Amino acid sequence: MDKLSERRKPIVAMENASFDIIIVGGGISGSFVAKYLTQAGLRCLMLEAGQHYKKGEYPSREVDANSQLYWGGGMELNTSADLVFLRPKVLGGGSVVNQALVDRFDDDAWDSWKHASGVSYFESSQMAQWYDKAETEISIQYIDEKFRNGNAKIFAEGFDINGFKYAPLRRAQTDCKTEQGNDCIDCLAGCKLESKQSMPWTLLKRANATGNLTILSEFEVERVSESDTAVQIEGTRRGGITQKFTAKKLVLAGGAIGNSKLLLHSGFQDRLPALGRGFYTHPQFMNLGIYAHRVNAFKGAFQALKSDDPGFRKGGFKLENVFGPPGGISMLVSRLGLPHQEVMEKLPYMGCIEVAVRDTNPGQIRVNKAGVVTIRKTLNEEDEKRRARGFDAIEKIFKSTHAQRVIEGQFGIGLHLMGGCNMGTDPANSVVGPDFKLHGFKRTFAADSSIFPNAPGINPSLTIMALACKAAEEIRA
Ligand SMILES: Cc1cc2nc3c(=O)[nH]c(=O)nc-3n(C[C@H](O)[C@H](O)[C@H](O)COP(=O)(O)OP(=O)(O)OC[C@H]3O[C@@H](n4cnc5c(N)ncnc54)[C@H](O)[C@@H]3O)c2cc1C
């Protein structure tokens, strides 16, 4: 039996199996760690709350994709209900649903991390070897000029007219068959071509080939604990079956909200006072320009360009040409009834640019008495200024390219969920040490987006991969 089909095996057979490492979460970080540890000969058990889809099985309707590939049925809200979080729940995590844009951090991002955390290796020169290693695992391509769709052309023209700098996007993909008419927007619900470098057919496939990996999908870990000799997890499998597993070491790779929730639920806050704090999201606001001609922003490579303007970086925001499926776009339009219908009828005529804010106001993740996660996260005055600067630039771009109307998106979306278990040298204000171990613990590690000390203002996934490569070395040692 294919090891990736473990979920179909009778659960009882697993009970007495012995493992070196338990990995909670089968997303980007978990898959990288699994690949390196299994290759080093360690027997790993990966527990993933989401489903394991095979090629051709991903949902094809927007509503099914939202409800089947994300926690909370597609979106979770902050306590003031003005920020939406999209938190992946599927084997492969964010790599299945994300846009796969991969960027290295610049000096500015590393400096701010080093300053916030006291971690000495947070430097471009020291992290270069881990980026190099991560990049050997995935195919990366720049989106070629010939694949720019109508929305990207508006973006480029508006940037040129206004003297802003832009650059092509760098994406983890092999062959998106754009010239054959494939529309990449489809792969927000899982890539049907296996071109996007999602974990199930890249890192997990290689980990599986070692024979040392067991994956249990649709298994939510609810409690973790560590003793002098072992770690233990307890969780529930689909159907309500509760199970426990033990191993020598534990790797938490459940993402920012997932790791915080699990550790809070397991009572770790008494020993880790910073747990759940320092939560960032790069709040993104999508804005629409309505044109007289068809833009067809959903066609082909629906994202091709990003801002690369030093003034924007200094101003704390970046812009990307982006689009979304119709349900998502309709939520940006505030009005109801006929006025809403009139705007939505213009879908093919819409250009769309998002401003992503490098947020400065840390949020807090909590778990209430009922065990439910609540997230306090707002934009402070500085963040609002950053958003406004970005929107000003977008308005200029739309107006200078003759948009008939500009619509400012109604709410922020958090896709880059970071922090909650921040890395740092001081246990009073951080959760994870520079060796990726939880402060005061010997066997429990975290190496995913939850350890980010602040918002870098740059796509996070390549850095998550690089950190996971480094963490795997520490865990193995
Ligand atoms: C629509 C979208 C577009 C994005 N586009 C980009 C992009 O272009 N570039 C970029 O860099 N980033 C992008 N991101 C963000 C990026 O995907 C995430 O930052 C990244 O996936 C985080 O990696 P991770 O390993 O920390 O967690 P994830 O990849 O989120 O994996 C965590 C996994 O752990 C599982 N889990 C959590 N708790 C438990 C538990 N208790 N028990 C069992 N399993 C659990 C979850 O179900 C999930 O599958 C995007 C995100 C979204 C949603």
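The paragraphs below go from the ligand to a pocket and then to the cavities.

This is a predicted model, in which local features need pLDDT of at least 70 and side-chain atom pairs count only at pLDDT 80 or more, while totals for chains, interfaces and linings use all residues. Residues are numbered from 1 along each chain as its sequence is written, and side-chain values use heavy atoms, with hydrogens and water left out.

Around the ligand there are 36 residues, of which Ser29, Glu48, Leu101, Ser449 and Ser461 come nearest; a residue is counted here if one of its heavy atoms lies within 4 Å of the molecule. By class this shell has 18 nonpolar, 14 polar and four charged residues, where Ala, Val, Leu, Ile, Met, Phe, Trp, Tyr, Cys and Pro count as nonpolar, Asp, Glu, Lys and Arg as charged, and the others, Gly among them, as polar. At least two shell residues come from each of helix H1 (28–39), strand E2 (44–48), helix H3 (94–97), strand E9 (219–226), helix H8 (255–265) and helix H13 (461–476), and E9 gives the largest share, three residues. These helices (H or I, at least four residues) and strands (E, at least two) are DSSP runs, numbered from the N terminus.

Why does the ligand shell lie between domain 1 and domain 2? Domain 1 (1–53 + 103–136 + 198–275 + 420–477) and domain 2 (71–89 + 138–195 + 282–414) both give residues to the shell, so it lies between them; the domain bounds come from an automatic or database domain assignment.

A backbone N or O atom of Gly94 is 2.9 Å from a ligand oxygen, one of Pro460 is 3.2 Å from a ligand oxygen, and a polar backbone atom of Ile28 is 3.3 Å from a ligand oxygen. On its own the ligand has 1,000 Å² of accessible area, and the protein covers 95% of this, by the Shrake-Rupley method with a 1.4 Å probe.

The second largest pocket has a volume of about 390 Å³. On a 1 Å grid over the protein atoms alone, a pocket is an open set of points with protein on both sides within 12 Å along at least five of seven lines, a cavity is a set where a 1.4 Å probe fits but cannot get out, and lining residues have an atom within 4 Å of a point. Of the 22 residues that line this pocket, Lys306, Ser307, Asp308, Arg313 and Ile458 are the closest to its centre. The lining has seven nonpolar, five polar and ten charged residues, and H9 gives the largest share of it, three residues.

The structure also holds two cavities of 30 Å³ or more. The largest cavity, with about 70 Å³ of space, has a lining that includes Ile28, Ser95 and Ser461. The second largest cavity holds about 30 Å³, and among the residues that line it are Cys176, Cys184, Cys187 and Cys191.

Conventions
Points joined across faces, edges and corners; volume = space filled by probe spheres on them. Polar contact = N/O pair within 3.5 Å; in protein donor to acceptor, adjacent residues only side chain to side chain.
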